[in-house]
Amino acid sequence: MAVYTDVNEDQLRAFLAEYDVGTLLSYKGIAEGVENTNFLLRATGGTFILTLYEKRVNRDDLPFFIGLMDHLALKGLSCPLPIVRRDGGHLSELAGRPAAMVSFLDGAWLRKPQPQHCREVGQALAAMHVAGSDFPIRRVNGLTVGDWRPLWEGSRARADEVQPGLKDEIDRELASLESGWPSELPEGVIHADLFPDNVFFIEDRLSGLIDFYFACNDFLAYDVAICLNAWCFESDGAFNLTKGMALIDGYVSVRPLEEGEAAALPLLARGAALRFFLTRLHDWLTTPEGALVVKKDPLEYMRKLRFHRQIDSASEYGLRTKDLSK
């Protein structure tokens, strides 16, 4: 569950007075998500998502997140549109937290995505990369290769409690990624967290992308690698090549990959798997029993990382040579 800060009706009514959205009809907490407190809010002027930004979100990053959603929505990407206050701003305060409202997107996320859904995700990811190419604000990725070692050091001493031998294996993997991480690939705004629960569908049609609160500037192909991890493995841990091919086909139909990006994709996929393993491991070891946050199994991403180690070429993910940019 992800409702960390309680809000009462009087507080909400006072908050809504800053916006031209009418009067409050109802609200309820949204259980999904792990970073912020979210409410589904209905007013006479429409339905909205209200987000209270918790301590793990840097207040200084909020203009980037809000501005990016506004920029992408105005470019035609289906994503939440930040709601403007009467004074022209987007950010407010509620219950001692920075807060903002965005438009509500119809649809639901898929528990069992199929190849056609992966193709649409690839297309939407590439469309986001293209639409964000002229976004003027930059945000450094705080969870990229240079940040993994400090994160790992916080969990390293207890890693073998999760699986024997894990400490030595991650030591070797981290050193390998640090020494081999690419430096010259196309960069831009990436979503960095485009998991199935951040993509809405209406039946088989993609209806929108949500939750841009990990978005940042980084290698565009790293975003593709994150999606390969998030969308193309089955519940038994097997990589689904048909889904991988569909996701990549969808992406390159909008933005072809360069040869250097294709060559780096197996390494980027390893890095993406390690990044999510490390944050899951940290939460697994530090979240107290009984907390209202569902802990996610870090070993799921350890298994994915081991799979990526065996990959020599992006063709093994489904990329075809004809899909590379010339």
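**Burial, pairing and backbone: the values against the definitions**

Modeller: D211 has a relative accessible area of 27%, and this residue is partly exposed.

Biologist: What makes D211 partly exposed rather than buried or exposed?

Modeller: Buried means under 20% relative accessible area, exposed means over 50%, and partly exposed is in between, with a 1.4 Å probe and protein chains only. At 27%, D211 therefore falls in the partly exposed class. This is a predicted model in which local features need pLDDT of at least 70 and side-chain atom pairs count only at pLDDT 80 or more, while totals for chains, interfaces and linings use all residues. Residues are numbered from 1 along each chain as its sequence is written, and side-chain values use heavy atoms, with hydrogens and water left out.

Biologist: Why is E203 called exposed?

Modeller: E203 has a relative accessible area of 72%, and therefore counts as exposed. This residue is found in the loop between β7 and β8. E203 is not a glycine, yet its phi is positive, at about 55°.

Biologist: How do you know that β7 and β8 pair?

Modeller: Two strands pair if DSSP finds at least two bridges between them. Strand β7 (residues 199-202) and strand β8 (residues 205-209) have four bridges, in the antiparallel sense. Within this pair, V199 has L209 of β8 as its bridge partner. The two strands form a hairpin with two residues between them, and E203 is in the turn.

Biologist: What makes strand β5 (residues 97-103) largely enclosed by the rest of the structure?

Modeller: Five of the seven residues of β5 are buried, so the strand is largely enclosed.

Biologist: Which strands pair with β5, and by how many bridges?

Modeller: Strand β3 (residues 46-52) is joined to β5 by five bridges and runs antiparallel to it. One of the bridge partners is M101 of β5, which faces L50 in this pairing. Strand β4 (residues 92-94) also pairs with β5 in the antiparallel sense, over three bridges. There, the bridge partner of E93 is P98 in β5. In the hairpin of β4 and β5, two residues lie between the strands, and A95 takes a positive phi near 55°.

Biologist: Why is H308 called buried?

Modeller: H308 has a relative accessible area of 1%, and therefore it is buried. H308 is in helix α10. In α10 (residues 299-309), the buried residues include L299, Y301, M302, K304 and L305 as well as H308.

Biologist: What does H308 contact, and what covers the buried residues of α10?

Modeller: Contact means heavy atoms within 4.5 Å. Leaving aside neighbours within four places in sequence, H308 is in contact with N229, F233, P266, A269, R270, A273 and Y317. The cover over the buried residues of α10 includes α5 (159-162), α6 (166-180), α7 (220-231) and α9 (259-286).

Biologist: Is E169 buried or exposed?

Modeller: E169 has 14% relative accessibility and therefore counts as buried. This residue is in helix α6. Not counting residues up to four places away in sequence, E169 touches M302, R306 and R309. E169 and M302 are 133 residues apart in sequence, and their C-alpha atoms are 9.9 Å apart.

Biologist: What makes T144 a buried residue?

Modeller: The relative accessibility of T144 is 15%, and T144 therefore counts as buried. T144 is in the loop between α3 (115-131) and α4 (145-153). Beyond its neighbours within four places in sequence, T144 is in contact with W181 and D218.

Biologist: How many helices and strands does the chain have, and why is the chain called as compact as a globular protein of its length?

Modeller: The chain has 10 helices and nine strands. Its radius of gyration is 20 Å, close to the 20 Å that the globule rule gives for 326 residues, so the chain is as compact as a globular protein of that length. The radius is taken over C-alpha atoms, and the rule is 2.2 Å times the number of residues to the power 0.38. Of the 326 residues, 52% are buried.
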